[in-house]
Amino acid sequence: MADANAAVAVVTVSLVVLGLLSGLSLSWALLPVAVVVLIFVLASGLRGRDELAHLNVCVLVLGDIGRSPRMQYHALSLSRHGYSVTLIGFLGTKPHQDILEDDRIDILPISELKGLRVGPKIFRYISKVILQSFQLFYVLMKIEDQGYILMQNPPGLPAIAVTWVASRFRGNQFIIDWHNYGYTIMALTHGENHLIVKVAKWYEKLFGCFSDHNLCVTNAMREDLRKNWNIEATTLYDKPPSIFRETPLKLQHELFVRMGSVYSPFRPSCDVTKEHMELTAFTEHNTQTGAVTRSAGRPALLISSTSWTEDEDFSILLQALEEYEKFVEEEDKLPSLVCVITGKGPQKEYYKKLIDSKEFQHVKICTPWLEAEDYPVLLGSADLGVCLHKSSSGLDLPMKVVDMFGCCLPVCAIHFQCLHELVKHEENGLIFKDSSELSEQLKLLFSDFPGDQGKLGIFRKNLRESGQQRWDENWDHNVLPLIKEHCD
C-alpha cells in the first residue's frame, strides 16, 4: 500500500495542475489544497470519538446487495465474530435470508441514481457520478462510528474517492476488496482507447492507493496490483459457504416440482402417467411409500449462471447445443438436455429472443431467476455446469464455478488467463476455447450418462475427495487477523 500522505499530496497537486490548465485563477486552482487541509483537521478531531467503533464495520457495495454474494459473506463472517455490520448498497434483489435474519447486520439501502435524462451522454454520466458522490458521502457521514469501511471494487467510481474522504473525516480504516478493475469492464463497451476509459483507469489507479488495506480475488491480481499499481493486497479466494453442497434426492424433487409449475422443461412428458406417483422430468415420488427415485431415461441437467453482460458470450453455448443436438440424432445413447441459465442482466432479453428462435428437439432451455435459497439447491441437483465468464482484466475468477465446485458439480469453463487457479483441466472439469470444443466435451461427458464410471463421474469423485476449503475457514485465516489487529 502506498503511503497515504504521499498519495494525498499527489492527488492534490494533480487537481491544482488540472485547475491551472483549465484556465482557473490561482486562488481557485488552490481550492483543493484548502479542502484537503480541512479534511485532515476535521479527521484529526473526529478520530477515536467512539470507544466501541472498533466493533462496528461498514460493508459497502455501490451495486445490488442481493447480487453481491461475496460482500454478503463478508457481512455474515463479521457478524459471526461479534461485529455489528452496516451493509450499504442498492436493494434491487432480495439478499440472502441469513442476512435478513441476522440481528447484527443492519441493511442501509441507497438509491440507484440515474443523473440527467437529457443532454449528451457524457454529461448524463458525469451528473450521475456527482449525484452518487453526494448521496454516498452523506450516508457515510451519517452512520455511527465505524472501525472499518470494507468496500467492493468495482464499481469504484465514485465510491473509492468518496469512501476515502469519508474515512478521513471519520477516522476509520478503509479496505478495498478488489474483485476486478472497473475500467476494464467499461472498455468492453467503449473500447480501451475511449477517453472515459482512460480517465477511469487513471482514477482507479490513483485513488486505489489511498486505501489502508486491500483484498483481492486471485494471486494474479495481487501480483498485478503490486507491480503496476504499487498496492499490496491479500489474496482472499472466493470459497463456497456451507449452503453449497450436493442436494439430497428428496429436496431435488421438491425443487423440480416447484420449478415445473412455472417452467415446462421440468415437467414430465405428457404421455407419461404412473399411478400413485408424482412425476417431474427428472424424478419420481411414490405418494404411498414416500420414496423418491430418479426417472428412467431422464434428461441430463446442464446449468449455467450469468449476469448477462458483455464478458460472457452465450452464443458459444447455443452453438455448442446445436452441435450436440446433431450428436444426439446420430447416437441414440446420448441423453436429451435441459439447460438452465440463471441470472439477471442487460443482455438477457437479447439472448432470450435468440433462444426462442432455435428449433431444438433434444434440448430444452429455460432462463429463470431463482431466489437465493433455491440457487444452491439447483446447483446441487445438476449434472454439469458451464461457465462462459471471460474476465475483462484476465485477473478475476468466476464465483459461479466456486459455487458449483462446492456442490461437487464438474464444470466446462471457457479459457482465460488465470482460470488455472480454479479449474484443473481433466481433474475437476474441462477447459474449452470455442463452441466446437464445448460441444465435443458435452458429447464426451454425457456418453456414459447416467452412469458414474465415465469422466463426469470421475470429476465428481475428485471434487468429493478434494476436501476443498469453505468460506468461513478461508475468511477466518485471511481477513479476521487483519480486522482484529486494527480494530481490537
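In this predicted model, the count of salt bridges comes to 17.

- Arginine 460 and glutamate 246 form a salt bridge, with their closest N and O atoms 3.7 Å apart.
- Arginine 460 belongs to helix α17 (residues 455-465), whereas glutamate 246 lies in the loop between β7 (234-235) and α11, so this pair ties together parts that are 214 residues apart in sequence.
- Arginine 460 counts as buried because its relative accessibility of 14% falls under the 20% limit.
- Glutamate 246, with a relative accessible area of 31%, is partly exposed.

- A salt bridge joins the side chains of glutamate 323 and lysine 326, at 3.6 Å from N to O.
- Both residues lie in helix α12 (residues 315-330), where a separation of 3 residues corresponds to about one turn of the helix.
- Glutamate 323 is partly exposed at a relative accessible area of 32%, and lysine 326 is likewise partly exposed at 43%.

**Salt bridge between arginine 222 and glutamate 223**
- The side chains of arginine 222 and glutamate 223 meet in a salt bridge, at 3.7 Å from N to O.
- Arginine 222 is partly exposed, with 30% relative accessibility.
- Glutamate 223 is also partly exposed, its relative accessible area being 29%.

**The sheet β8-β9-β10**
- An open sheet is formed by 3 strands in the order β8-β9-β10, with antiparallel pairing.
- From one strand to the next, the twist averages 25 degrees.
- Strand β9 (residues 283-286) is joined to β8 by 3 bridges, and the two strands run antiparallel.
- Methionine 277 stands opposite asparagine 286, a residue of β9.

**The helix across the sheet**
- Helix α11 (residues 249-260) lies across β8, β9 and β10.
- The helix runs at about 80 degrees to β10.
- The loop that holds glutamate 246, the salt-bridge partner of arginine 460, lies between β7 and this helix, α11.

Technical notes. Residues are numbered from 1 along each chain as its sequence is written. This is a predicted model: local features need pLDDT of at least 70, side-chain atom pairs count only at pLDDT 80 or more; totals for chains, interfaces and linings use all residues. Side-chain values use heavy atoms; hydrogens and water are left out. Two strands pair if DSSP finds at least two bridges between them. Helices (H or I, at least four residues) and strands (E, at least two) are DSSP runs, numbered from the N terminus. Axes are lines fitted to C-alpha atoms, for helices over the stretch in contact, and angles run from 0 to 180 degrees between N-to-C directions. Contact means heavy atoms within 4.5 Å. A salt bridge is a side-chain nitrogen of Lys or Arg within 4 Å of a carboxyl oxygen of Asp or Glu. Buried means under 20% relative accessible area, exposed over 50%, partly exposed in between (1.4 Å probe, protein chains only).
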